[in-house]
Amino acid sequence: MNYDEAGAFVDAPKNSPLENASFRVIGSLHSVNKKWTGAGSILITRPNGDQIFGTFQNEGVLGVGSTGGTIELVGGTGECTGITGKMELLPRPAVKASKKGAYQGIGIGKITWKIP
């Protein structure tokens, strides 16, 4: 399955490059016997318009949600030029979608970053 999702960081560390940022993820996942693995790209847009680019890999169980994964920060624009870092994606609770035929979820993770 291929997907395109959008969202916002709502509880990023204060004064971090992700504070009040939005994101767009384009990825794909492959599932066998309800277990899935996925990979893709993430574009993070900060309130000032600067962008952060990343790649990700994750895994989980269909109907349960993600059980883990990582986002690698690989570059950016403006104040985030040269950013590197990692976000460890932690297990998350399943969320029931508010609209039939739509996916809805929540991500939880720990982030580290360095801006030269």
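Contact is defined here as heavy atoms within 4.5 Å. By this criterion, residues 24 or more positions apart account for 38% of the contacts with a separation of 6 or more in the protein chain. The structure is a predicted model, in which local features need pLDDT of at least 70, side-chain atom pairs count only at pLDDT 80 or more, and totals for chains, interfaces and linings use all residues. Residues are numbered from 1 along each chain as its sequence is written, and side-chain values use heavy atoms, with hydrogens and water left out.

The protein chain contains 0 helices and 7 strands. Helices (H or I, at least four residues) and strands (E, at least two) are DSSP runs, numbered from the N terminus. The order along the sequence is β-β-β-β-β-β-β. The radius of gyration, taken over C-alpha atoms, is 14 Å, close to the 13 Å that the globule rule (2.2 Å times the number of residues to the power 0.38) gives for 116 residues, so the protein chain is as compact as a globular protein of that length. Along the principal axes, the C-alpha atoms fill a box of roughly 45 × 25 × 20 Å.

Of the 116 residues, 30% are buried. Buried means under 20% relative accessible area, exposed means over 50%, and partly exposed lies in between (1.4 Å probe, protein chains only).

Strand 1 (residues 2-8) runs antiparallel to strand 2 (residues 22-32), and 7 bridges join them. Within this pair, aspartate 4 stands opposite isoleucine 26 of strand 2. Strand 2 also pairs with strand 3 (residues 35-45), in the antiparallel sense and over 11 bridges. Here serine 31 has tryptophan 36 of strand 3 as its bridge partner.

Strands 2 and 3 form a hairpin with 2 residues between them. Asparagine 33 lies in this loop. Its phi is positive, about 55°, although asparagine 33 is not a glycine. Asparagine 33 is exposed, at a relative accessible area of 73%. Lysine 34 is also placed in the loop between strand 2 and strand 3. Lysine 34 has a positive phi of about 70° and is not a glycine either. Its relative accessibility is 57%, and lysine 34 counts as exposed.

Strand 6 is joined to strand 7 (residues 109-114) by 6 bridges, and the two run antiparallel. Glycine 85 has tryptophan 113 of strand 7 as its bridge partner.

Lysine 110 is located in strand 7. Lysine 110 counts as exposed, at 55% relative accessibility. Neighbours within four places in sequence aside, lysine 110 is in contact with Lys86, Met87, Glu88 and Leu90. Lysine 110 and lysine 86 are 24 residues apart along the chain, and their C-alpha atoms are separated by 8.2 Å.

Definitions and conventions
Two strands pair if DSSP finds at least two bridges between them.
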